[in-house]
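Thanks, everyone. Please have a look at the model first.

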Amino acid sequence: MFWLLENGEEVAEQAQAVPIIVKFVNTYAGKWAYDLEMKYTYPFWKAFLARFGTTPEAAFGPYTPENAIPWYTVMFVIACILSVVIIWILKGQLSEEEPGHGQQTLELGVLAVRDMLEDIIGPHGLKYFPIVMTFAVLILVSNLMGMIPFFVSPTSATSVTFALGLTSFLYYNYIGIKENGLFGHLKHFAGPIWWIAPLIFPIELISNMIRPFSLGIRLFGNMFADEKVMDTVAHLFPPWTYLGVPVLLMPLSVFVAFIQTFVFVLLSQLYLSEVSHPPHNAHHEHGSAADESEEFMAPVLT
């Protein structure tokens, strides 16, 4: 529980310098959220953490109406809203004859993710496009939010990155159970060679169980480090470094944001490829696969 104690101290420090929009939200909704926490979640965490000799305050920071709604929750909700708005703006008036710059940008992202799905999973993997593209857009917007004044990247908080990693984990395991059955899904952990299955199965099972943590830690570590580097550089020689130097480092931050989005989406697709297989009666020849791809694009962009 040492990590929880350190996390509580970190939360307390961050509460002193939260974005102004978070303070605004807590001013109007913090009392309601605080009463809800004290009535339902606080008693649970108090009883649970008491087994480890600690308290909810030590793990999560002080409980007050001023920080009842955490900054990362507010930022993530804003990221969800921004994602919808950005897609709506880029989509504009869809046109096949004269597509605008926004539509071309959106189509470029759609084609990139679609091609990755086809290459990694196969043509049948296009049915997973909605969830994979949602991951891509939401994580990218969340990563880039740190460069907007008065905003902080929600992916620089473990609560958000672990939630994203857990969502990916639950989704591909759900697909594995849905397509192969519970026994068939567990069977693939044993490998193809039966006589070493007792050794391979526990190793693969443990490897599968730590995936949401590896996804979350990788995304959090890179985005948190990026935020800290920008903050440290900005405070080297104030006020001269408040604006100029961080602006020069912004291209690196944009690169990190795109790379981490790519890594998360790529790993999620690799996990899906392990549990998803084409139907037995499928006739996915080159021609039919291309036809399916073209048919798939129309409902995606509309």
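How do the residues of the lining of the second largest cavity divide into nonpolar, polar and charged? Five are nonpolar, one is polar and one is charged. Here Ala, Val, Leu, Ile, Met, Phe, Trp, Tyr, Cys and Pro count as nonpolar, Asp, Glu, Lys and Arg as charged, and the others, Gly among them, as polar.

Some ground rules. This is a predicted model, where local features need pLDDT of at least 70 and side-chain atom pairs count only at pLDDT 80 or more, while totals for chains, interfaces and linings use all residues. Residues are numbered from 1 along each chain as its sequence is written, and side-chain values use heavy atoms, with hydrogens and water left out.

A cavity is a set of points, on a 1 Å grid over the protein atoms alone, where a 1.4 Å probe fits but cannot get out; lining residues have an atom within 4 Å of a point. Points are joined across faces, edges and corners, and volume is the space filled by probe spheres set on them.

Back to that second largest cavity. It holds about 30 Å³. Its lining is Leu-215, Arg-218, Leu-219, Gln-260, Val-263, Phe-264 and Leu-267. α10 gives the largest share, four residues. Helices are DSSP runs (H or I, at least four residues), numbered from the N terminus.

Now the largest cavity, at about 40 Å³. α6 (129-144), α7 (158-187) and α10 (244-275) each supply at least two lining residues. Among them are Phe-135, Tyr-171 and Leu-272.

The whole-structure search finds two cavities of 30 Å³ or more.

Terms used. On a 1 Å grid over the protein atoms alone, a cavity is a set of points where a 1.4 Å probe fits but cannot get out, and a pocket is an open set with protein on both sides within 12 Å along at least five of seven lines; lining residues have an atom within 4 Å of a point.
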